[in-house]
Amino acid sequence: MTTPSLLILPGDGIGPEVMAEVRRIIDWFGARRGLTFDITEDLVGGAAYDAHGVPLADATMARAQQADAVLLGAVGGPQYDTLDFSLKPERGLLRLRKEMDLFANLRPAQCFDALADFSSLKRDVVAGLDIMIVRELTSGVYFGQPRGIVEEGGQRVGINTQRYTEAEIDRVARAAFELARKRNGKVCSMEKANVMESGILWRDVVQAVHDADYPDIDLSHMYADAGGMQLCRWPKQFDVILTDNLFGDLLSDVAAMLTGSLGMLPSASLGAPMENGRPKAMYEPVHGSAPDIAGQGKANPCACVLSFAMALRYSFDQGAEASRLEKAVEKVLAEGVRTVDLMQSEGESPTSTQGMGDAILAALDASL
Ligand code: NAD
Ligand code: IPM
Ligand code: MN
């Protein structure tokens, strides 16, 4: 078998800091589990803009298309805020998602027991939580035309268009139903069919896919605003949440706080199967480049580490090794190792990004 290829794009801010820990963990899997990858590292976001004048070079895009999986840190930063819209770091990330056609963004929100008291919600509400948000990632208002800022009646008008085709809804709905079959068999689809035609179509297509091919799944529909409220009221009522690009962006940040910190949430962005049967895929933490703590060695690398675990599971058929890594993270948290985002009181002393990496490596050693 040829060595699987992995394109690593650390990006900006805390991206390179958390990715450095993931690199050490990847090396561990090479040395101790015989799992080796053909790794290429490249630039994305502000780092790519600084080097090439664009947030994603064509050569990097081509590498991403060829790779068995892409692992991305984070993009963005205040120094790029005044750039032309087309050059902003975020455009690099959006181009990767769009051109690789990564339509299904899996954002699991799992509350590790050791962090249940750390959530801003009561322990009862979050303890044992394990939900999966499936966010449509390549369409909707993020990409719909027309868009822009135009001059109209002597003033500027900002325009974005929410647009979904039946085929786009159909394929992401199938991804959610397939996942639900491997979990607890429940899907709650969220839109705003009460005020948006795209929401009416969304509900209609999701229901039709369900009735035709997934009647065994317990499907419900909810307006996305009520969904946000229910996520905070009693999140354990959900198993898989299926939603569009923008609502999924918002709801997954809400879900982050159920788990204790944005620094804990991984994600997998999956496309259609490639020739080898595996999906085209990019793995990235849900968090951003965290400019407020960048360069200080404070960032929590767990979200990026857990994103690599998702890569082991979904791209490299290494479910058991993925679980080994997830359990190592769980063990470290149970032992009380905490980065600054996981601190409950002023008195505690946080560990560094590297300290968290060391602890996870030690837990991996102990797992053998
Ligand atoms: P952010 O996720 O970067 O940060 C929000 C808050 O969470 C900050 O206080 C930050 O310190 C904290 N935080 C985030 N990740 C953390 C971690 N791993 N460890 C400890 N604390 C962490 O969101 P933002 O501040 O709204 O955005 C900053 C920049 O990141 C913007 O340019 C934005 O566009 C970009 N962004 C990129 C991605 C991505 O690359 N996937 C995602 C979201 C935001
Ligand atoms: C995310 C981010 C991105 C999004 C930005 C950085 C383009 O917020 O991945 O959640 O809005 O999708
Ligand atoms: Mn987001």
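Author: Two residues are said to be in contact if their C-beta atoms, placed from the backbone, lie within 7 Å. This is a predicted model, in which local features need pLDDT of at least 70 and side-chain atom pairs count only at pLDDT 80 or more, while totals for chains, interfaces and linings use all residues. Residues are numbered from 1 along each chain as its sequence is written, and chains are lettered from A and ligands numbered from 1 in the order in which they are written.

The core draws at least three residues from each of domain 1 (1-111 + 265-368) and domain 2 (119-129 + 139-259), whose bounds come from an automatic or database domain assignment.

The centres of these two domains, taken over C-alpha atoms, are separated by 24 Å, and the contact between them takes 11 residues from domain 1 and 17 residues from domain 2. On the side of domain 1 that touches domain 2, α4 and β4 (104-110) each supply at least two residues, with β4 giving the most, five residues. By class, that side of domain 1 has seven nonpolar, two polar and two charged residues, where Ala, Val, Leu, Ile, Met, Phe, Trp, Tyr, Cys and Pro count as nonpolar, Asp, Glu, Lys and Arg as charged, and the others, Gly among them, as polar.

Strand β4 is also the place of N105. N105 is buried because 26 other C-beta atoms lie within 10 Å; a residue is buried if 20 or more other C-beta atoms, placed from the backbone, lie within 10 Å of its own, exposed if 12 or fewer, and partly exposed in between. Apart from its neighbours within four places in sequence, N105 is in contact with R135, L137, G248, S267 and S269. The C-alpha atoms of N105 and T138 are separated by 9.3 Å, although the two residues are 33 residues apart along the chain.

Helix α4, with residues 89-99, returns at ligand 2, where this helix gives the most to the shell, three residues. The residues around ligand 2 are G76, E90, L93, L94, D249, V286 and G288 (a residue is near a molecule if its C-beta atom, placed from the backbone, lies within 6 Å of it), and by class they are three nonpolar, two polar and two charged residues. Around ligand 1 there are 23 residues, the closest being G76, G263, H287, G288 and N300, and this shell has 11 nonpolar, eight polar and four charged residues.

For contrast, K331 lies in helix α11, residues 319-334, and K331 is partly exposed, because 19 other C-beta atoms lie within 10 Å.

Terms used. Helix = DSSP H or I, 4+ residues; strand = E, 2+ residues; numbered from the N terminus.
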